[in-house]
Amino acid sequence: MTSRTQRLDRFISQNSAYSLSDTHLLLARKRILLDGVVACSIQQKVTRFTHVMLDGQCLQDNKPVYLMLNKPRGVVSATKDSRHTTVLDLVQHPQKNELHIVGRLDFNTTGVVLLTNDGAWSRKLSSPESAITKTYEVTLSQPVTDEYVAVFRQGIYFRYENVTTRPASLDILSDYTCRLSLTEGRYHQVKRMFGFFQNEVLALHRVSVGTLDLQGVETGQSRLLTPAEPGLV
Ligand code: URA
């Protein structure tokens with residue numbers, strides 16, 4: 001199974017008895033199909049998810065999987081753990097062992113966790129340039145005030161990484177609850193931002209990632225994304 005994008009001639013030489021140069025002949029004789037279409041150039045790109053047929057035989061048939069889980073408290077954002085239930089333990093899918101997590105949540109944080117076997121997608125989602133909005137509902141030990149709104153909008157300096165957080169938007173819902181939207185995902189970011197005010201986060205719930213929210217997905221349940229959804233985040 002290939003994990004990266006390759007040129008067609010290289011893919012053929014690595015996945016059949018034919019050589020790089022044989023590929024020209026195979027193309028001239030229309031013997032290769034990429035996603036059901038006759039291939040026409042050695043330069044064509046073959047990703048891990050391109051369906052490749054040669055002389056009626058399938059050389060590659062990997063399906064991308066995109067899944068959203070509503071993570072409960074007390075579940076580890078890992079694929080394996082000897083002591084605790086993992087997010088993967090909660091997923092039922094024939095390809096579940098190929099999946100990795102896009103953006104972990106802490107043990108007691110609940111809400112949206114995305115899983116996929118598509119490394120290009122998860123890299124894109126996690127890259128700072130994509131600036132995907134992640135929204136959290138936060139319950140605090142001390143009242144939240146308007147001062148937080150201004151400070152979070154300006155950014156908070158994190159000494160350890162020597163960075164200032166990106167402008168974040170905060171909606172105060174009640175004295176002790178608020179909704180925070182971030183476009184980055186640093187280690188324990190939400191807790192550290194409220195830590196700036198010595199205000200402990202008692203409960204944290206990720207409501208959405210980009211356009212993906214938990215509508216219709218009960219705690220502990222997961223659903224496959226529809227074909228259009230991965231392109232929207
Ligand atoms: N920020 C945190 O502090 N914890 C999480 O689980 C997610 C974001």
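Predicted model: local features only at pLDDT ≥ 70, side-chain atom pairs only at ≥ 80, totals over all residues.
## Domains

Let's start with the overall layout. The domain assignment divides the protein into domain 1 (6–60), domain 2 (63–131 + 214–225) and domain 3 (133–209). Domain 2 is written as two stretches of sequence, 63–131 and 214–225. If you look for the centres of domain 1 and domain 3, taken over C-alpha atoms, you will find 50 Å between them.

## Where the ligand sits

Next comes the ligand. The space that the ligand takes is the largest pocket. Its surroundings are made up of L105, D106, T109, Y136, H188, Q189, V190, K191 and L204. Both domain 2 (63–131 + 214–225) and domain 3 (133–209) contribute to this shell, with at least three residues from each.

Sorted by class, the shell holds four nonpolar, three polar and two charged residues. Which helix gives the most to the shell around the ligand? That is helix α5 (residues 189–195), with three residues.

Now for a look at individual atoms. D106 places a polar side-chain atom 2.8 Å from a nitrogen atom of the ligand. With Q189 and V190, the backbone takes part: a backbone N or O atom of Q189 lies 3.5 Å from a ligand nitrogen atom, and for V190 the corresponding distance is 3.1 Å. On its own, the ligand has 240 Å² of accessible area, and the protein covers 95% of that.

D35 is not a glycine, yet its phi is positive, at about 50°.

Conventions:
Residues numbered from 1 in each chain as written. Heavy atoms only, no water. Near = heavy atom within 4 Å. Polar contact = N/O pair within 3.5 Å; in protein donor to acceptor, adjacent residues only side chain to side chain. Areas by Shrake-Rupley, 256 points an atom, 1.4 Å probe, with all protein chains shown as cover. 1 Å grid on protein atoms, 1.4 Å probe; cavity = no way out; pocket = protein on both sides within 12 Å on 5 of 7 lines; lining within 4 Å. Sits in = over half its atoms within 2 Å of the grid points. Helix = DSSP H or I, 4+ residues; strand = E, 2+ residues; numbered from the N terminus. Nonpolar A, V, L, I, M, F, W, Y, C, P; charged D, E, K, R; others polar. Domains from an automatic or database assignment.
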